[in-house]
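Please open the model in your viewer and keep the selection panel at hand.

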Amino acid sequence: AMAGTLEPHLEALRRELRAPDPAVLSVLLALLAVAITLLIWRFVQGRRSSRKAVLLLGLCDAGKTLLFARLLTGKYRNTQTSITDSSAVYRVSNDKSGIVTLIDLPGHESLRLQFLERFKAAARAIVFVVDSVAFQREVKDVAEFLYQVLVDSTVLKNAPALLIACNKQDVTMAKSAKLIQQQLEKELNTLRVTRSAAPTSLDGSATGGPAQLGKKGKDFDFSQLPMKVEFVECSARGSKGEEGDADFEDLEKWLAKIA
Amino acid sequence: MLDFFTIFSKGGLVLWCFQGVRGPAAAATAPVNALIRSVLLQERGGNNSFTHEALTLKYKLDNQFELVFVVGFQKILTLTYVDKLIDDVHKEFRDKYRNEFQQKGTLGLLNGTFDFKDDFMRLLRDAEESSKVRAPTVMKTFEQSLKSQKTVKCMIETRGEKPKEKVKNKKNKGSKKEGTEAVAAPGKASTGDKQSSAAGDREELTKDEILQKNREEFFKRHMKAGEKSSKSPKPEAQKEKGKKPRVWDLGNSNAKVLDYSNSTTNGSVEACPVEEFDPDIAVGDRNREPGRLYDLEYESDDEAEEEKVIQNPSKPSVKKGGLGGMFGMLKGLVGSKSLTREDMDPVLEKMKDHLIAKNVAAEIAVQLCESVAKKLEGKVMGTFTTVTSTVKQALQEALVQILQPQRRVDVLRDVMDAQRHRRPYVVTFCGVNGVGKSTNLAKISFWLIENGFSVLIAACDTFRAGAVEQLRTHTRRLNALHPPESHGGRTMVQLYEKGYGKDAAGIAMEAISYARNQGFDVVLVDTAGRMQDNAPLMTALAKLIAVNAPDLVLFVGEALVGNEAVDQLVKFNKALADHSMAQTPRLIDGIVLTKFDTIDDKVGAAISMTYITSKPIVFVGTGQTYCDLRSLNAKAVVAALMKA
């Protein structure tokens, strides 16, 4: 579009150069300066808005806020149900000077979608925290939230890296990451069918979205998604209790990778 | 006396905690989580106290630095100093750690150590002392009372004055039966004196004469005192000499005497005066065609109304004009102003009226506005944001929050689960009369059939005429649309009915066992409509639900309902809770909002219903054909609600 508008201007410029008229020339120069400034500004904006946020999502009581605190300070903190988001800059503890903005979103059902809406555009990566101990009971809720995140149009477009962190591994009853992956795949497979069959929404847009998760005809697999998905095990509390450190080397390594 | 006191950020980090009487720190987490989930997140933050099991929790929000202060104490104690304590702690904490909050943000919260214990103990001691300051009032000693200052002499009666005193005292005693101490004391004194004086008399006269004298005095006294009252008994005494039959004024007389109607008016032409009959007034419009029914005339006043509406908001801003008002407006726009209650009140009033105009129940609109006010009080506004826009934004967020389901809304998923366990998935529809239960039941069964599940419809409406026939017609239509051939020989929908007049709970139970035997996937139970005030019918419904334990209890409500929605849902839930034998009674699990196509954008009923029950709206009915079944879109509804 810029080239198109420049063409007649170039013609006029050439004409003017042959017969220089200072007023018109100065006007043209000014316009050129403005155009160049606009281009530079848009370029810089695009650079700056390169997504630098890592979102911590998950159900209520999954351990997001504690994970957030541990990553940033390494200390154990008591937590309550979050009502609003918290964000802070996280410096990856490697030689690489990578910094990301960690954003901890509330997991409560009435808030999660609102906050996701607000921050999804800025997400470079998503950490989906799962409570490995209560997973068996909550598998349907976990799958539903994950499904809502995955079919979101912005998420599909940007395809941020997805890490599913199976938290609370310090408890003996915790399920392993492999088991969680299998169960989630099965559940999401079923959800694809039921969600797309749900009654259409009031204003006409379907609840499941026109997006189809994975490939039709084949069973759902995390490898069918446009983004990279990994599963890690971690424990925010740490095996040594509150005084010790948290066990999340895999998580930190992954964060370093995407920073 | 306090159980605990915690200060935590809205992001979830506990900044400081005080354990009063209880032991481990974990004891404070559960009640506070319950407080957050039931009060703050459900926008019930109007009043600042909450009860959870044996504890009462009082809380205060700091919206400027995003903190929450919660204190918990035993429910049976009534501590008067708690409110003041919270306010003091809030002020002190905020002032002490202002720097951390303002400059360092979240990292400040994470890294900061909040050593607040000494200040808190001091404040607690001050608060406790201030509540004990007023000692109970000490009773006056005898020396201080008035009575001790009266001399004995004034209480002695002399002989001459005796009868008067006696009469007076008797009168006093008679009239002031409650008797103040002042009367009783001289009374007692006088009786004491009387006895002493009587004793003195007896020394002079003989006993008989004394008796005679006393009797005369007694009668004299009574005559004097009873003079006034004796007049009235006299005519009565005279009357009661012989018993006369009572003559009632209106009794005994004939019915004819009582008939005051002019019996000649009925049917008789002359008795009724011919009024001036003006045909024009009676018939009205002369120019109408005889026998034709005209349409309702609808004048489009929209443009005129819009102008009025636009003018009204501009008027108050013009009134506030003048130089000072101008600067104030600019200052409000640019600076970092913190919101106060006075700023928000006019805006909230307007929003409340707007919500009520959009058919939100009045008490819910009030509670919502209160909750939003609490959430915004003290918040610092950004630049170029007005009070109105901040309040509107907060209200919009609150409304979306309310409409988000608190539990999963996926009927198909649950049906699949039940299918795997080889038992039918039972859904019960309840509601008041005429909301659309049977129609929406048919729509939902159509949707289920389309997804390949077989449905058994249980006709438990055994009261309304034609209810069973209505369901049979629907069944026939659905079977015609989805014949057994196209579904592998299975009849997709079948009706289970036992006629009229039978017990609904029994029919439901038989229907469920029939479905289990025949392998139906879903059982849809249709109940009779009933008013929420009708106690026996509510009991019957509660019995049906308690006995059959359905998987999903859906309350069907129409979108046209206004303030009634609150009453209906509260009473239905209460009836279900009261008549259930279980520990955790089955309450309403979801809401079906019907007749949504009849309201344009007055969608407030959705808010009222979800606010009262905190259960999601599972389906929305938008018409009478089988395809008119939708699911709720929270954002669209809120947008329609907030639209001017």
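The stops below begin with whole chains and then turn to single elements and residues.

**Before selecting**

This is a predicted model, in which local features need pLDDT of at least 70 and side-chain atom pairs count only at pLDDT 80 or more, while totals for chains, interfaces and linings use all residues. Residues are numbered from 1 along each chain as its sequence is written, chains are lettered from A and ligands numbered from 1 in the order in which they are written, and side-chain values use heavy atoms, with hydrogens and water left out.

**Stop 1: chain A**

Select chain A and colour it by secondary structure. Chain A contains 8 helices and 6 strands; helices (H or I, at least four residues) and strands (E, at least two) are DSSP runs, numbered from the N terminus. Read from the N terminus, the order of elements is α-α-β-α-β-β-α-β-α-α-β-α-β-α. Of the 259 residues in chain A, 47% are buried. Buried means under 20% relative accessible area, exposed means over 50%, and partly exposed lies in between, with a 1.4 Å probe and protein chains only. Among the contacts in chain A with a separation of 6 or more, 71% join residues 24 or more positions apart; a contact means heavy atoms within 4.5 Å.

**Stop 2: residues 23–41 of chain A**

Next, select residues 23–41 of chain A, where UniProt places the feature "transmembrane region" in an unreviewed entry. UniProt positions are given in the numbering used here, feature names are shortened, and annotations may be inferred rather than shown by experiment. The span is 100% helix and 0% strand, and its end C-alpha atoms lie 27 Å apart.

**Stop 3: helix 3 of chain A**

Move to residues 64–73 of chain A, which form helix 3. How many of its 10 residues are buried? The count is 9, so that the helix is mostly covered. Among the buried residues are Lys64(A), Arg70(A), Phe68(A) and Leu72(A). After helix 3 of chain A comes Gly74(A), whose phi is positive, near 80°.

**Stop 4: Thr154(A)**

Select Thr154(A), which belongs to helix 6 (residues 153–158) of chain A. Is Thr154(A) buried or exposed? Thr154(A) counts as buried because its relative accessibility is 17%. Show Lys120(A) and Ala121(A) as well: Thr154(A) touches both, when residues up to four places away in sequence are not counted.

**Stop 5: where the chains meet**

Now display both chains together. The contact takes 45 residues from chain A and 50 residues from chain B. The area buried between the two chains is about 4,100 Å², of which carbon and sulfur atoms give 56%. Buried area is the accessible area (1.4 Å probe) that two parts lose on being put together, summed over both. On the chain B side, select Leu110(B), Arg408(B) and Arg413(B): these lose the most area to chain A, together 15% of what that side buries.

**Stop 6: chain B and a pair of helices**

Buried residues make up 39% of its 644 residues.

Within chain B, select helix 15 (residues 387–403) and helix 22 (residues 604–613), which pack at an angle of about 65° with their axes 9 Å apart. Axes are lines fitted to C-alpha atoms, for helices over the stretch in contact, and angles run from 0 to 180 degrees between N-to-C directions. Leu399(B), Ile402(B) and Leu403(B) of helix 15 meet Ala606(B), Ile607(B), Thr610(B) and Tyr611(B) of helix 22.

**Stop 7: Ala362(B)**

Ala362(B) lies in helix 14 (residues 362–376) of chain B. Ala362(B) is partly exposed because its relative accessible area is 29%. Leaving aside neighbours within four places in sequence, Ala362(B) is in contact with Ile356(B) and Asn563(B).

**Stop 8: residues 616–629 of chain B**

Finally, select residues 616–629 of chain B, where UniProt places "domain: SRP54-type proteins GTP-binding" in an unreviewed entry. The span is 0% helix and 43% strand, and its end C-alpha atoms lie 16 Å apart. Centre the view on Gly623(B), in the loop between strand 12 (617–621) and strand 13 (629–630) of chain B. Gly623(B) counts as buried, at 16% relative accessibility. Beyond residues up to four places away in sequence, Gly623(B) touches Lys443(B), Asp597(B) and Asp628(B).
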